Amino acid sequence: MVPQRRHKLRGSSFAGQAADMDKIYYRSDHRVPESEEMILPRFGADTSRTLMAPQKHLSIQKTFALIALINGGVLLYLIIYNFTLLRGETAEQSSVYVSLLLTLILAVLAIISYRIIFARIVAPLARLVEETRRIESNDHDIYLTVKGKDEVSLLAHTFNLLLSNMRQAFDEIDSSNKQLVHANRQISESLRYAGLLQRSILPDRQLKDVFGDDHFILWQPRDTVGGDYYILHTEPDRCLVGVADCAGHGVPGAMMTMMARAGVDRSVQEMGLDSPAALLRAIDHSMRSLLGDAQLSRAIATSMDMGLALIDFQNRLIRFAGAKITLYASNGVDVIKQKGDNRAICDRRIGAYQDYDVPLRQGYTYYLTTDGYLDQSGGEYGFGLGSERFSAWLLQHAAKPLPDQRRAFSESLAEFRGALPQRDDVTVLSFRFP
């Protein structure tokens, strides 16, 4: 194991302490005795005035200043001495000895300067460069080696402190990311399970029993769960089908669908299937009772669009009532629209709903869709799909078999949407009576 060194940090702001910091430990290839504590600079207002606190040893700057002073003195003496030689004021033999002595002194000073430069600047910097390359290669166990108490050592020590804080911050970020990944996995698993539960209340099998291959369901929640659902209640020779769009997306919307499903079942039990409009009024009353005062708050969206169609197979009649939902019908040649009423269930004002009788025509396909399909933005300019484009697609696809229609409407919507995100939950319920 690489030994650890301890240095006292005075007046530093690396960890944000206002007073003296505790001793900081980090790795190094050199052990400094406890008595040789490094004095770090004060960062802040005093930084521009001083880089190091007073120290007992000579710094690199002072060392080179002393050498330069000695060299300058010797050089000045040589200049003066040579000047006197030119004037003939000293003996020739003594001048030779003095020149040799001064030359020897300069040579010794040059060697000393070279050794000091190499030992205190060149070699430490080369070592720091090599160690920084190892640090750059993601070797997380490496710190810069600190030897001595000069400016290079101070630089390495300061870098080690910064590196230690940075690695600690990265470790905390990595730990947070792992926690987020774990939490996201748990949420995703919970949502998948909630999606299975929500799917279990949808009458896919019952629709298959009633219509066989003459129907399709396009149900695409924006998130794993959503606020759209569809309805089926059956009686001999007739059935009630419908779609509903609860306010909200994701988990809030899914919770609304659970309450709405309870309200629909309760209303059907009390009112029967004879009048879809009466059912809408009963569902509205039931939902208001379930939600209490929640619908009075502007911060909570509790409204719900719904379209109900009572199909009388014996009399070949559809009795339709809608709360902001339209019944479409097409045979590939023309399109018939039967609009519902313009107020949603659980709106701030109670809506008035009525029944509309529509003939059950042979060769026609009937469609109920929530506004998630019609309001999806896309195309060249990013506008909403709209009822007119949807009607054009009805003319294009209505004569196809119902399984092919489902694929065609899904692909058409995806192509129209392009790279734009899905704005809302999408539900299309379609059926045909041969």
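Residues are numbered from 1 along each chain as its sequence is written, and side-chain values use heavy atoms, with hydrogens and water left out. Because the model is predicted, local features need pLDDT of at least 70 and side-chain atom pairs count only at pLDDT 80 or more, whereas totals for chains, interfaces and linings use all residues.

Rings of Phe, Tyr and Trp (its six-membered ring) pair if their centres lie within 6.5 Å; planes under 30 degrees apart count as stacked, over 60 as edge-to-face and the rest as tilted. In one of these pairs, the ring centres of Tyr328 and Phe390 are 5.0 Å apart and the planes stand at 75°, so the arrangement is edge-to-face. Since Tyr328 belongs to strand S8 (residues 326-330) and Phe390 to helix H8 (residues 386-397), this pair ties together parts that are 62 residues apart in sequence. Helices (H or I, at least four residues) and strands (E, at least two) are DSSP runs, numbered from the N terminus. Tyr328 and Phe390 are both buried, where buried means under 20% relative accessible area, exposed over 50% and partly exposed in between (1.4 Å probe, protein chains only).

Phe390 also pairs with Tyr367: the centres are 6.5 Å apart and the planes lie at 85°, so this contact is edge-to-face. Tyr367 is located in strand S11 (residues 365-369), so the pair with Phe390 of helix H8 ties together parts that are 23 residues apart in sequence. The relative accessible area is 0% for Tyr367, which is buried, and 0% for Phe390, likewise buried. Ring pairs link Phe216, Tyr328, Tyr367, Tyr373, Phe390, Trp393, Phe409 and Phe416 into a cluster.

Phe409 and Phe416 are among the buried residues of H9, together with Leu402, Gln405, Ala408, Ser412 and Leu413. Viewed down the axis of H9, the buried residues fall within an arc of 125° and so line one face of the helix; the arc is that of the directions from the helix axis to the C-beta atoms. At 1.5 Å a residue, the 16 residues of H9 (residues 402-417) should span 22 Å, which agrees with end C-alpha atoms 22 Å apart; the expected span is 1.5 Å times one less than the number of residues. Gly418, with a positive phi near 65°, follows H9.

Elsewhere, Tyr114 lies in helix H2 (residues 92-136) and counts as exposed at 53% relative accessibility.
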